[in-house]
Amino acid sequence: MARAPLTRTRLLTSLLWGVLISLAGGVLAVCLGPQGLAFSDAVTLFSDSTAGHILREARLTRVVLGGLCGAALSMAGAALQALLRNPLADPYVVGVSGGAAVGGTLAVVIQEPLLAGAASGWIAQLTLPLGAYAGALSVLVLIYGAARVSGRASAVAVLLSGVVFNAFCLALVSVLRLLVRAETAQSLMAWMMGSVGSETWQMVGITGLYVTVGALWLIRLAGPLHLLAQGDDAAARLGVSVERMRLQAYLATSLLVAGVVSVTGMIGFVGLMVPHLCRVIAGPDTRVNIPLSGLVGAAALMVCDGFSRALFPVFHTEFPVGAFTSLLGGPVFLVLLRRHLGSHAGAR
Amino acid sequence: MSVRLQVEEVSVRRGATQVVTDVSLTVEGGTVTALLGRNGAGKSSLMLAMAGLVPLERGTVALNGVNTATMPRQALARRIASMGQDERPDDELLALEVVLLGRAPHLGAWGLPGPSDEELARNALAATEALPFALRSMRTLSGGENQRVLLARVLCQGGEVLLLDEPTHALDPGHALRVMKLLRELAAKGAAVVVVLHDLSLAARCADVVVVMDEGRVISRGAPRQALSKDILARAFRAELSLVDVHGHPVVVAD
């Protein structure tokens with residue numbers, strides 16, 4: 001079907017589809033697990049006191065956290081692709097997730113000797129996301145500065161910067177792990193693997209707060225971001241205060257990435273695959289891609305995590321969803337890279 | 001009141017290089033002004049300064065007496081529409097979507113266009129003879145077609161001042177002439193039009209005023225027949241050129 005420019009009706013229709021996909025993903029994710037459930041069984045079990053408690057406290061927290069994480073990473077990916085004018089940008093690929101991991105780890109390392117006992121848990125819940133936020137923002141600003149060539153961050157420059165930053169961040173996290181107690185180091189290791197399991201409703205609530213604020217902020221910026229995707233000069237010609245909008249978009253994107261990385265660790269490629277899928281479904285308009293990526297990304301990660309749980313009987317251990325998305329996203333990334341470089345070679 | 005864009009003693013530095021030096025210029029509504037000069041003479045930098053897209057080292061640009069540096073970006077974009085020399089919009093966008101971007105300064109934060117905006121965009125595409133490929137992606141367009149789409153975006157933006165950096169450089173002679181005719185029609189309706197051109201004959205034929213630049217400074221200005229003397233052409237282009245009459249039209253030829 002031929003594409004047409006974005007109108008209010010087309011926007012609402014796309015978002016309605018996104019909501020339906022998101023709801024369907026949520027329902028499927030609740031039913032997926034080591035022991036699969038039919039939807040009707042899941043509904044019945046919710047009213048049961050013991051099984052319902054397990055479903056609500058274990059599986060539903062995972063599903064909701066997975067949804068928040070998928071939405072945040074996908075929206076951040078869509079925003080980064082517009083900001084860097086690069087379809088291969090993704091919080092993980094360009095190193096923003098790595099920066100958040102370093103920031104979060106650093107916060108843990110600094111606070112561990114200072115705090116002990118019951119207070120440390122609460123303070124860690126606050127300082128870890130703040131550290132992750134500072135880390136994500138720093139990397140984003142550094143990458144833009146390092147990779148920017150004549151108003152456009154070239155694909156190769158962004159990817160190289162991302163590779164360097166990721167390697168640097170991982171090395172830094174490894175060094176920082178040596179500075180903490182053995183059990184803290186072990187939990188940091190598990191955190192870095194990328195998982196949405198074992199979280200409480202309280203943690204889900206805190207993550208939800210970060211993601212909601214970041215998501216609403218990015219949605220509000222979607223109009224200027226669509227213009228920034230045409231280049232800084234073009235955006236300025238069309239009435240965008242480029243530096244102010246760019247700064248706001250960096251702050252909002254970092255908030256989303258840090259909010260989820262501080263809880264779930266590094267989950268890669270969701271922010272690359274989902275915005276691409278949305279571009280195929282709804283076209284390249286950033287105004288629809290940012291919210292639609294949020295909805296579809298929520299469904300994608302909820303379902304991926306559901307399959308990770310379903311694989312428990314196969315591996316007899318938890319299969320981290322981060323590994324699942326990377327196994328899926330790696331080949332997709334290579335296909336997109338080949339297509340992107342091919343189209344640019346053709347253009348020359 | 002007729003629109004007036006005043007450039008007063010403007011200097012622009014890009015990196016370590018002084019690219020525009022003490023340029024003063026007034027552009028009036030109802031006229032077409034052509035900026036001429038060899039490569040690197042400072043024309044594009046002056047255009048960017050007039051559009052408020054580069055910081056000024058010195059001087060001011062005023063729109064109807066109001067310093068443009070003090071105007072909000074969106075308000076300025078409603079009054080000054082411009083296109084750059086080498087703009088490359090997202091190549092997955094449709095031509096019509098690119099033209100609709102011109103409505104952004106007139107719409108809310110999200111810039112979602114309505115039916116009246118789409119009608120304006122289609123009219124602008126028709127004016128630049130780009131309507132037949134309105135629903136094609138930018139990736140599939142030739143350089144000249146891309147340029148006509150960008151020009152349509154400027155028309156759709158609808159400012160009182162139009163700043164166009166080499167709007168005809170990728171166009172064939174027929175399209176170039178018709179684009180200049182279109183710009184003259186817009187000027188006749190009150191717009192102040194400034195174009196950077198390398199086709200001196202086209203400039204001499206279509207512009208009311210030509211401004212010749214060399215090494216960041218204005219070295220001549222006025223009606224084409226007066227401002228494009230043999231000496232000025234030699235100084236500006238380092239070549240022996242003359243303006244002659246062919247069938248009553250001024251044409252620049254090599255001696």
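Modeller: Two residues are in contact if their C-beta atoms, placed from the backbone, lie within 7 Å. This is a predicted model, in which local features need pLDDT of at least 70, side-chain atom pairs count only at pLDDT 80 or more, and totals for chains, interfaces and linings use all residues. Residues are numbered from 1 along each chain as its sequence is written, while chains are lettered from A and ligands numbered from 1 in the order in which they are written.

Biologist: In chain A, where is confidence lowest?

Modeller: Confidence in each residue is given by the predictor as pLDDT, from 0 to 100. Chain A averages a pLDDT of 82, and 89% of its residues score at least 70. In chain A, confidence is highest in helix 9 (residues 222–228), at 95, whereas a mean of 54 makes it lowest in strand 2 (residues 152–153) of chain A.

Biologist: What is the mean pLDDT of chain B?

Modeller: The model as a whole scores ipTM 0.93 and pTM 0.87. In chain B, 100% of the residues reach 70 or more, and the mean pLDDT is 94.

Biologist: Which helix of chain A gives the most to the side that touches chain B?

Modeller: Across the two chains, 24 residues of chain A are in contact with 27 residues of chain B. On the side of chain A, helix 1 (8–31), helix 9 and helix 10 (232–237) each supply at least two residues; helices (H or I, at least four residues) and strands (E, at least two) are DSSP runs, numbered from the N terminus. With 4 residues, the most is given by helix 10 of chain A.

Biologist: At what angle do the axes of helix 1 and helix 13 of chain A cross?

Modeller: Axes are lines fitted to C-alpha atoms, for helices over the stretch in contact, with angles from 0 to 180 degrees between N-to-C directions. Helix 1 of chain A is roughly parallel to helix 13 of chain A, a description used for angles under 35 degrees, whereas over 145 counts as roughly antiparallel, 65 to 115 as roughly perpendicular and the rest as oblique. The axes of helix 1 and helix 13 (residues 286–310) of chain A come within 8 Å, and their crossing angle is roughly 10 degrees.

Biologist: How are helix 4 and helix 5 of chain B placed to each other, parallel or oblique?

Modeller: The axes of helix 4 (residues 115–127) and helix 5 (residues 143–157) of chain B come within 8 Å and cross at roughly 135 degrees. Residues of helix 4 of chain B, among them B:Leu120 and B:Ala124, meet B:Ala152, B:Leu155 and B:Cys156 in helix 5 of chain B. The two helices are therefore oblique.

Biologist: Which strands stand at the edges of the open sheet of 4 strands in chain B?

Modeller: This sheet has the order 2-1-4-5 with antiparallel pairing, where two strands pair if DSSP finds at least two bridges between them. Strand 1 (residues 4–14) and strand 4 (residues 58–63) of chain B, for instance, pair over 5 bridges, and B:Leu5 stands opposite B:Leu63. One side of each edge strand is left without a neighbour because each has a single partner strand, and these edges are strand 2 (17–28) and strand 5 (66–67) of chain B.

Biologist: In strand 7 of chain B, which residue is the bridge partner of B:Ile80?

Modeller: An open sheet of 6 strands in chain B has the order 6-7-8-3-9-10, with mixed pairing. Its edge strands are strand 6 (80–83) and strand 10 (217–222) of chain B. Strand 6 runs parallel to strand 7 (residues 161–165) of chain B, and 4 bridges join them. In strand 7 of chain B, the bridge partner of B:Ile80 is B:Val161.
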